[in-house]
Structures are given as C-alpha cells and as structure tokens.
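Q: Before we look at any single feature, could you show me the model and take me through how its strands, helices and chain contacts are read?

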2 protein chains.
Amino acid sequence: MKNTQLRLGRRPQGEATMEDFEVTSEDIPDLGPGEVLVQNHYISIDPSSRTHWNDGQSYRAMMQIGEIVDVGTGGEVIASNNPDFAVGDMVTGGLGIQEYGISDGTNLQKADLSLAPLTSWMGGLGITGLTAYFGLLDVGKPQPGETVVVTGAAGAVGMIVGQIARIKGARAVGIAGSDEKCRFLTEELGFDGAVNYKDDLYGGLRECTPKRIDVIFDNIGGPMLDTIMRRLALRSRIVISGATSQYNTDDIYGPKNYLALATMRARMEGFIIFDYTDQYQKAREDMAGWMKEGKLKFRENLMDGRVEDYPAVLHSLYEGSNTGKMLMRLPAAQA
Amino acid sequence: MKNTQLRLGRRPQGEATMEDFEVTSEDIPDLGPGEVLVQNHYISIDPSSRTHWNDGQSYRAMMQIGEIVDVGTGGEVIASNNPDFAVGDMVTGGLGIQEYGISDGTNLQKADLSLAPLTSWMGGLGITGLTAYFGLLDVGKPQPGETVVVTGAAGAVGMIVGQIARIKGARAVGIAGSDEKCRFLTEELGFDGAVNYKDDLYGGLRECTPKRIDVIFDNIGGPMLDTIMRRLALRSRIVISGATSQYNTDDIYGPKNYLALATMRARMEGFIIFDYTDQYQKAREDMAGWMKEGKLKFRENLMDGRVEDYPAVLHSLYEGSNTGKMLMRLPAAQA
C-alpha cells in the first residue's frame with residue numbers, strides 16, 4: 001500500500017505555489033507497538049499554516065524543508081496496536097498532508113459522531129472553534145451589552161466568534177467581503193450587523209457600532225484592522241487571533257492607529273490556543289450544548305481534492321470566496 | 001499689571017514653530033471669590049503637548065484655536081481669595097503658557113518644599129513621575145527577576161521607570177540616544193544596562209537582555225519600538241506611554257512586529273494618568289520615601305526663557321539633547 005504525501009520543498013516567497021512543495025510516495029511501514037494507522041479523509045485548510053513555512057520565530061517550531069506539510073486532519077482508524085483506538089474509529093489530529101498517517105495516539109482525538117459529524121470536529125468543535133471560544137472569552141472578555149466586531153466574520157473562526165458573543169449577551173458585528181456573506185451572518189447566524197469591507201468600511205462600521213467597539217476579534221490585520229481601531233471605545237480589547245492579509249508578505253503592515261491604545265486605555269493581546277489544552281473539554285461541552293440548543297451553527301466548506309491539490313485549495317481561501325470552515329475532502333471520503 | 005500669554009494660532013503641520021502661536025498681552029482681572037492668582041515660575045516641556053494641537057480624537061478635549069497653550073506649570077501664589085492657598089505658597093498646576101494664571105484652586109496642588117524643590121514636584125513627584133509609577137506598576141506589572149526595557153530612558157518619564165523597576169527587583173535596561181546618556185543611566189541611576197540606539201540597537205539589546213524582555217515601557221514608538229519587539233519574552237507586556245517620534249507627523253509608523261503579540265502571548269496596552277487621580281497620594285508617598293532612601297533620583301533640565309521662547313525650547317526636546325525633566329524657567333524665577 002502506497003502513501004502519497006506533500007512535503008515542503010523550499011520556503012515560499014509570497015503566496016505558496018505547487019513549486020514550493022514536493023509530492024512523495026512511500027510504502028506504509030508495519031505498525032509498531034501502540035501505534036495507530038489512520039486513513040485521512042479531510043485536510044484542514046487554514047490561512048495560518050502559511051506562517052509555519054517561513055524561516056524565523058513562531059510560537060511553534062518552524063517546518064523544516066522536506067517535512068510533510070503539517071496541518072490538521074480527520075480520518076478513520078484502519079489498523080491499531082493501541083487499546084485506546086479501534087478500527088473504524090473516526091479521529092481528528094495533526095497527521096499532515098498525506099493519505100495515511102501513523103500515530104502513537106497522543107495527537108489523535110476520537111470524534112463522537114453521535115454528537116456531530118467528523119467535519120464539525122475539525123471545525124466548530126475542533127481547534128477552529130476552540131480558538132474562537134478562548135480568544136473571545138478569555139482574552140476579549142465581552143460583557144453583556146458590549147459591542148464585538150470580528151473580521152473574517154464569515155470564516156471558520158469568525159462565524160463562531162460572533163455567535164458566542166451573542167450567546168454571552170454582547171452585540172456581534174461581522175466584517176466580510178461580500179453582500180452574500182453579510183446576509184449569511186445576519187440572516188442565518190443572527191449577527192446584529194455586518195459590513196462588506198469592499199464598500200465603505202468605516203461608514204458601515206459607524207452605522208453598526210453606535211456605541212463604538214468594546215472588543216475587536218481580528219483575523220485579518222492590515223489596513224482593515226487600522227480602520228476598525230478608529231472606533232475603539234474606552235477600555236476596549238483587541239484580540240489578535242490571526243492576520244490573513246499579512247501571511248503572504250514580508251512587508252507587514254503595522255497598525256498605525258496603535259496610539260489609540262493610549263487614548264482609549266485599550267489593550268491589544270495575543271494568545272495561543274495550545275495554552276488552553278486543559279480546558280478544551282469544558283469548552284467543547286459548552287459549544288456542543290449551544291449547538292444542540294440551536295444557538296451555535298457550524299458550516300463547513302468541503303472542496304474535493306487530492307494531496308497534490310492542496311496549494312490550489314489554499315489559494316482559493318486567500319481569494320476570499322470561502323464561507324465557514326474550509327476542508328479538503330480526500331478521495332477516501334469522496335466515495 | 002500685564003500678563004503675557006502664548007496662544008495656539010493655528011494647527012501646526014509637522015513640528016510646531018513660532019508661526020503657529022500668537023503672543024498676547026492682557027490686563028490681569030480682579031480676583032473673584034475663591035480665586036487664586038499665581039505667578040508662574042516654570043513651564044513644563046512635554047513632547048506629548050504637541051498631540052493636543054491637532055484636530056481629532058484624543059483622551060482630552062483638543063485645544064481650540066486662540067486658547068492659551070495648555071501645559072503644566074509651577075509658581076507662587078501672589079494673591080488669594082481662597083482659604084486653601086496663602087500668598088507665598090508654591091504650587092503646581094495646569095495654568096498654561098503665561099506669566100500669571102488665575103485658578104479657583106481645583107487645578108492647583110501645593111508643593112511641600114521641605115520634601116523636594118518645586119521643580120521636583122513638576123517632575124518626579126508630579127505627573128511625570130506618576131506616569132512612570134502607574135504605567136510601570138499597574139500596566140507593566142514587572143515581577144522580581146524580570147527584564148524591563150524603557151525607551152527615552154534618559155528622559156523625564158524613562159529615568160524614573162528604570163529606577164522603579166529596580167526598586168521592584170526587576171532588571172532595568174534603558175535605550176537612549178548618546179553614550180553620555182547611557183553612562184548617566186548605568187553609572188548615576190543604577191540601570192543594569194543601557195543601549196545607544198544610534199549604534200547597533202538590536203545587537204546591544206541582545207547583549208543586555210539575555211532572557212529577552214518581559215516589559216517594554218515605550219515613550220518613543222516608531223521603528224525603535226518595532227526593533228525592541230523582536231526581543232519579547234513569553235507573556236510580556238508593552239506599556240504604551242508615549243510616542244515622541246510620531247508626534248510631529250501625520251504618517252504614523254505602526255509596529256510591523258505586532259504579530260509577536262500572538263506568538264508570544266503578549267499584550268500591548270495604554271493608560272491615561274488621570275484615571276489614577278485617587279491613588280496619586282499613595283504614589284507620591286512611595287516615591288518620596290524612595291527618594292529619601294536614595295533609591296530614586298530625579299533630575300531636572302532647566303532652560304531659561306520667556307513665554308514666547310516656548311517653541312524653541314520644545315524644539316530642543318525633540319532634538320534629543322535633553323536629559324531628565326525639561327522645564328522652562330520664566331523670568332520670575334531667574335532672579
């Protein structure tokens with residue numbers, strides 16, 4: 001049995017293209033003691049993956065040239081020497097871009113399909129949802145009646161941030177890149193307002209945030225964040241979750257309005273989801289509960305592809321046409 | 001008796017010059033009930049004053065064209081209808097750039113000359129020192145053994161920040177613009193390290209901060225802050241106290257390394273000293289105590305001038321030649 005893999009071939013300049021990767025094919029080795037063989041069904045498509053391909057500092061080890069591209073995965077256990085995992089179990093984990101992955105189990109989580117499909121365990125109930133949950137509640141700390149603005153609001157993290165903000169009694173305003181996405185936010189997800197940044201971002205914001213902004217949950221960065229910062233309220237919080245607009249450039253756009261932090265006694269703060277590992281369980285219970293009550297909706301955007309299609313699928317994410325959690329569905333799940 | 005005053009004539013473009021101001025001369029009116037007449041001896045020279053002359057948002061009302069330029073002052077009560085103030089009392093306050101000021105007493109504080117001279121009450125024991133105290137202790141929160149880096153370290157606020165950091169058991173590293181200032185910081189004030197930013201800022205920092213940086217207390221902004229942010233430690237705090245390098249331009253330099261806030265789980269936060277009014281007394285007692293024990297030294301840089309010399313004196317501050325709290329000494333105190 002052969003395993004097709006995508007490896008980092010060189011460090012990309014700007015946006016990654018197929019030339020930056022290398023497709024390899026290997027025999028699958030025999031399982032050692034305690035090991036689990038997983039056939040991947042889904043590959044998580046995350047803008048932040050790009051940041052691991054640079055040289056330099058990050059919150060995790062940089063990927064080395066020649067390594068299998070390190071992303072989140074979902075799949076099925078097809079062989080197991082590990083008593084915690086049985087053949088047929090559906091699992092999420094970080095097995096990287098390949099058809100099959102071998103794990104000692106420590107980086108796998110079983111997905112309870114009676115609660116939600118595997119794709120939701122890779123989205124709203126996975127790292128994506130946890131990022132929204134802890135970033136908003138632990139860093140942003142919205143209070144009832146406050147106004148939360150989220151960028152990339154129709155994206156995987158953003159759509160959950162807005163819904164949790166509302167669950168906590170805050171007003172949710174989303175920034176997105178089309179009228180269709182804005183309608184999705186207000187009509188399907190219950191956001192209190194949505195602004196198409198391709199129209200008049202500041203004018204739209206002013207209308208949607210009459211009492212200014214208490215929490216910005218930022219996934220995009222760049223001039224968009226800068227414009228939004230002009231609407232900060234006193235003692236507001238800016239959660240730096242990501243900066244999709246800045247991942248493909250070396251010439252980062254710094255927020256010129258950072259002095260508003262002084263005038264507004266505000267703070268801008270980052271976080272790393274892996275610091276919250278010991279609270280994942282509680283968060284997943286909260287979110288599954290809200291999901292059951294109909295207060296929290298997930299959406300996944302599945303794109304069929306093979307391992308070698310990853311760069312093209314990632315490109316479509318950067319183009320801004322995505323709504324919800326984007327996953328590449330591998331042939332194993334396309335049947 | 002005539003009172004010479006400096007008024008805002010128009011909103012400056014870039015650095016303010018004499019053409020942006022208007023010198024007026026008025027009769028001093030009779031004192032009303034409860035009023036106090038103060039002859040100003042000193043005018044506080046603060047880079048942040050420039051920010052009040054722009055149109056637009058700030059933490060306080062913008063100055064209007066035609067108003068007396070609003071800065072901190074120190075002087076002597078020469079007439080009083082207010083039982084709280086006697087002729088001969090030395091007071092600090094915000095009477096603006098003029099030879100004489102009338103107040104109902106609410107914006108005046110008596111200076112206890114048995115403890116420190118009037119000039120210290122305008123510096124280390126005044127708003128300047130309070131800014132260092134609350135910004136460092138309440139926002140930066142340095143812990144024993146942590147490393148604090150302060151920009152504009154030989155300036156009025158910076159020199160106090162470093163000394164308080166040491167009093168609290170942290171390591172203090174100052175950034176300043178000459179070898180002479182660096183020697184002043186390490187040899188006279190006891191800073192653990194100092195870097196002349198005109199040499200190799202990053203290289204010097206790396207040497208002085210082997211365990212990276214836990215607190216940045218920033219008075220300068222611009223590319224300097226950006227470079228320093230490359231040395232942030234996990235869970236570090238950046239205190240935005242000022243941005244002297246950015247006050248004379250409309251094209252603010254935003255910190256390109258702001259994404260380090262995410263990778264380092266760090267935060268950047270501003271504050272306004274006037275939020276701490278009810279704690280001033282405690283802070284002043286702390287600082288006066290440290291001063292008596294020889295742990296906290298103040299330095300004032302007095303420049304003789306008349307009301308109309310203010311723009312030139314302020315210019316010398318921006319030129320970077322100042323060490324300590326800069327005050328313009330008016331003729332009333334030059335005798």
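Q: In which sense do strand β12 (residues 232-240) of chain B and β13(B) pair, and over how many bridges?
A: In general, the strands of a sheet pair through backbone hydrogen bonds, either parallel or antiparallel. In this predicted model, β12(B) and β13(B) pair in the parallel sense over 4 bridges, and Ile240(B) stands opposite Gly270(B) in β13(B).

Q: In which sense does β13 (residues 267-270) of chain A pair with β13(B)?
A: These two strands pair in the antiparallel sense, over 3 bridges, and Glu269(A) has Arg267(B) in β13(B) as its bridge partner.

Q: What is the order of the strands in the open sheet of 12 strands?
A: The order is β10(A)-β9(A)-β8(A)-β11(A)-β12(A)-β13(A)-β13(B)-β12(B)-β11(B)-β8(B)-β9(B)-β10(B), with mixed pairing. At the edges stand β10 (193-196) of chain A and β10 (193-196) of chain B, each with a single partner strand, so one side of each is left without a neighbour in the sheet. From one strand to the next, the twist averages 15 degrees.

Q: Which strands does helix α4 (residues 179-188) of chain B lie across?
A: Helix α4(B) lies across β9 (171-176) and β10 of chain B, and runs at about 170 degrees to β10(B).

Q: How is the packing of α2 (residues 127-140) of chain B and α8 (residues 280-292) of chain B read, and at roughly what angle do their axes cross?
A: Two packed helices are described by the angle between their axes and the distance between the axes. Here the axes of α2(B) and α8(B) come within 10 Å and cross at roughly 95 degrees; the two helices are therefore roughly perpendicular to each other. On the α2(B) side, Gly129(B), Leu130(B), Tyr133(B) and Phe134(B) meet Tyr280(B), Ala283(B) and Met287(B) in α8(B), and the residues of this contact divide into 6 nonpolar, 1 polar and no charged.

Q: How many residues of chain B are in contact with chain A, and which element gives the largest share?
A: 25 residues of chain B are in contact with 25 residues of chain A. The largest share of the chain B side, 4 residues, comes from β13(B), and the residues of that side divide into 15 nonpolar, 5 polar and 5 charged.

Definitions and conventions. Residues are numbered from 1 along each chain as its sequence is written. Chains are lettered from A and ligands numbered from 1 in the order in which they are written. This is a predicted model: local features need pLDDT of at least 70, side-chain atom pairs count only at pLDDT 80 or more; totals for chains, interfaces and linings use all residues. Two residues are in contact if their C-beta atoms, placed from the backbone, lie within 7 Å. Ala, Val, Leu, Ile, Met, Phe, Trp, Tyr, Cys and Pro count as nonpolar, Asp, Glu, Lys and Arg as charged, and the others, Gly among them, as polar. Two strands pair if DSSP finds at least two bridges between them. Axes are lines fitted to C-alpha atoms, for helices over the stretch in contact, and angles run from 0 to 180 degrees between N-to-C directions. Angles under 35 degrees count as roughly parallel, over 145 as roughly antiparallel, 65 to 115 as roughly perpendicular and the rest as oblique.
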